[in-house]
Number of protein chains: 2
Amino acid sequence: MSRGRRRHVHTLNVELRSRSYPILIDAGLLERTAVLNSHVAARDVLIVSNTTVAPLYLPALSAALTPRRLVPVILPDGEAHKTLGNLSRILDVLVANRFGRDCAVLALGGGVVGDLAGFAAASYQRGVAFVQVPTTLLAQVDSAVGGKTGVNHPGGKNLIGAFHQPDAVIIDTRTLTTLPARELRAGLAEVIKYGLMGDAVLFAWLEGHLDALLAGEPQALAHVIRRSCEIKAAIVGRDEREQGERALLNLGHTFGHAIESATAYKEWLHGEAVGAGLVMAAAMSQACGYLSAADAARVRQLVERAGLPAHAGDVGSQTLREHMALDKKVKGGRIRLVLLRGIGSAFMTDDYPDEALQSTLAAYSGAPR
Amino acid sequence: MSRGRRRHVHTLNVELRSRSYPILIDAGLLERTAVLNSHVAARDVLIVSNTTVAPLYLPALSAALTPRRLVPVILPDGEAHKTLGNLSRILDVLVANRFGRDCAVLALGGGVVGDLAGFAAASYQRGVAFVQVPTTLLAQVDSAVGGKTGVNHPGGKNLIGAFHQPDAVIIDTRTLTTLPARELRAGLAEVIKYGLMGDAVLFAWLEGHLDALLAGEPQALAHVIRRSCEIKAAIVGRDEREQGERALLNLGHTFGHAIESATAYKEWLHGEAVGAGLVMAAAMSQACGYLSAADAARVRQLVERAGLPAHAGDVGSQTLREHMALDKKVKGGRIRLVLLRGIGSAFMTDDYPDEALQSTLAAYSGAPR
C-alpha cells in the first residue's frame, strides 16, 4: 500500500447539482489510502463483494481503508444471485452490526455486486452513502456509473430497484489483469454499444484496436474506459431518471434482457446477451429500412470479432417475445425499441411493423447458433 | 356511486416543485368517479389493501374507478405483516400481470398498507405512480402524506424503505365511521404529536375537544385531519429528505419504535407506542430541565384521556435501550432525541445526561403498567 503518492488521477464528474460525484480512473487506486480516504467519509463501511473478487482484492482494499470498522458480505458470483433474497441478506448484516444512517456501503466487484450493494444502500434507512469500486470491464464502463441499482425478478431483468447515485466511482484499471477473457469480452459489448449508439468515431476506433483490447493492452483499455465513462456521465447528467435520452443507452438491451430472463440468468453473461442484442437491434433496424445492410454487417462483424454471440441461441422467438413484453420501456402495452439510423445514431421508437420484429426474432432465436 | 357531483373538495398541496401533489379531504371521496379519475391517470392499477378494509371499501372504490384494469392484492392486517416478504408478494403480482412502468399502485388502508404499497411503487421498475387512499385516522393525519415508505426489520422499525412521494392523497373522512375505537385512539396520538411539536393552539384545542373526537364527531375529526395535513405538508415541502426540521415529526417515535420492535410488532398499534413515546419524551425533557412539571403533566393527561398507554409496559429498560440504538436518527453511535422546551416547541439534541435517559426508561418500562 502506498501512502500519499502524488500522482495525477484521471477524474470525470457526473454533474447532478448537489449530488454530483467523481469517477476516478487509474491503475492501482484500490491500494491508495489517500485517494480512498478522500472519497469514503464514513466510519462504518459495509463492503459487498463476491467469492471470486474478494480473495483477489479485499485484503488490499481493507488494508488501504483502515482504520475504520469494515464489515464484509461475500456473495456467490453470478447474475443468478442478483435477487431480493441476497438484498435481504445484505440488509440483515447492516442491521446485525447496528450500522447507522451515517454508514457507507461499498461495492467491490462487477455489475451484480454493484447493483445489489447499491439497492441495499438505497433502501437501508431509506438511503445511506454508497461507493462503487468496479472490478470488471463491464462495471467500469457502464453499470457502476449512473445510479441504477436493483435486482432481477424471475419474470424480468432489473424489475425491482431504485435510482441511487454513488458518492464516488473508483476505477482501478489494474483489476482487469485478473479478469477472465470471457468477462473482458462481455465488457466490450457495452463499449461497442456506446460507439453504435452515439459515437461513430469510437466505433471505428474499436474496429481498428479490437485486437489490442482483447489482448488486455492497458492503454487501449484505459482509453475505452475513459471514453465510455465520459459518454455515460454526460447523458446521466442530462437525464438522470431516464425521461428521454438515457433510454438510448438501452440499445441492444431489450433483446438482451429477454435472453437473460428467458434463460433464468444462468447461462449468459449480461454483456454476452447485450452483444447478441446489438446484432438483433441492427438487423431489426435493417428490416425496418433504417440501417443499410453494410452497416448492419459492420455491427455483426465487430460483435463476432469480440468473441461475443451474434445470435440468441435456441431460446425460441415466442419465449423471447414474451420476456420482451416485460421490458421497462413498454408503454401502453407496446414494446418500444432503440433502433439505429446509422453507426453512431440511435433513436427510440414504437413505430415499426410487427413482422419486422417477428422475422428478426425468428432469424436470431429460432434455432441453435 | 355519484358522477360529477359539483361539490367543493377541501384541498391542500405538498409543494415539491415538479413533484408537488394534492391532498384532497372530504366525506365520500372514495365513491366520486370524477375526483378519482382526475387523480388516477393510469390504465392499469394495482390496489393494495388488507383483509379488514377490502370488504368494506374495495367494491365501491373499484366501481368508481372503472373502466380500467384493476388488480387487487389483499394482505393480512397488522404491523407484523409490514415485511420484505409481503413487499415481494406485491411485486410478484405486478410482474405476473405484466404491469408496465405506466401503471399505478393505489394503497387502500392504514399505515401498514400505505408504507408497503408505497415501497412497492418506489421499487417496481425503479418507480411507478402511487396514490394514497388512507382509511385510518393515523394514515389520514400522518403516514399517507410525505413519501416515507418501507418495511420493518426484526431489528428495527422502518429500517428498509424509500422516499417516494404519492401523486395524490385522497382522504375520504367517511371511512372513519367504520374505524374501531382502538384505531381511532391510535390516530389521535399523531394529532397530539403535531400539537406538542409545533402548535400549542392545536394542543389546547385537543384538550378542549377530545371528547368530541373520541365520539367520532365528523366536524372535529375533519378539523384535526386538515390541521395535521397542513402542518405535515408544510414541513415536508421545506425538508423532504429529513435533513433537518422534518426529524421533529419523530417526537415520541424513538421511544415508540423501540417499543414496537421490542415486542415484534405484534402487541402494540403504532399510534399506541407513539402515545407512550410522547409521555416518555415529555418525562425525559422534564428530567433534563427543559420542560416544566406542569407541562409534562398536561402531556400525560391528554395521552391518558385519549385512552392511550402512558407507559411502555414490561418491555424492560435495557431491551428498550438496545432497540433505540438502531433508530435512524443515531449519529456517530449516539442516540439523538426529539425533546420539548414547552408545549408546541420541540427540538432535536444528542446533548443530554445519560442518567436522564436511563431513569426515564426505568420509570416507564421497568415494570408492568
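## Leu361(A)

Is Leu361(A) buried or exposed? In this predicted model, Leu361(A) is buried, because 24 other C-beta atoms lie within 10 Å and the cut-off for a buried residue is 20 or more.

Leu361(A) sits in helix 13 of chain A, which covers residues 354-365. Leaving aside residues up to four places away in sequence, Leu361(A) touches Ser317(A), Leu320(A) and Arg321(A). Phe99(A) lies 262 residues from Leu361(A) along the chain, and the C-alpha atoms of these two residues are separated by 48 Å.

## The nonpolar core

The largest nonpolar core has 252 residues. The residues with the most contacts inside this core are Val48, Leu106 and Leu278 of chain A, together with Val48, Leu106 and Leu278 of chain B. In soluble globular proteins, nonpolar side chains tend to be buried together.

One of these residues, Leu106(B), touches Val40(B), Val45(B), Leu46(B) and Ile47(B), as well as Val131(B) and Val133(B), when residues up to four places away in sequence are not counted.

## Where chain B meets chain A

Contacts between the chains involve 28 residues of chain B and 28 residues of chain A. On the side of chain B that touches chain A, at least two residues each come from helix 3 (84-96), helix 4 (111-123), strand 7 (148-153) and strand 8 (156-163) of chain B. Strand 8 of chain B gives the most, with 6 residues.

By residue type, the side of chain B that touches chain A consists of 12 nonpolar, 10 polar and 6 charged residues.

Note on methods
Residues numbered from 1 in each chain as written. Chains lettered and ligands numbered in written order. Predicted model: local features only at pLDDT ≥ 70, side-chain atom pairs only at ≥ 80, totals over all residues. Contact = placed C-beta atoms within 7 Å. Helix = DSSP H or I, 4+ residues; strand = E, 2+ residues; numbered from the N terminus. Nonpolar A, V, L, I, M, F, W, Y, C, P; charged D, E, K, R; others polar. Core = buried A, V, L, I, M, F, W, Y, C linked by C-beta atoms within 7 Å. Buried ≥ 20, exposed ≤ 12 C-beta atoms within 10 Å, placed from the backbone.
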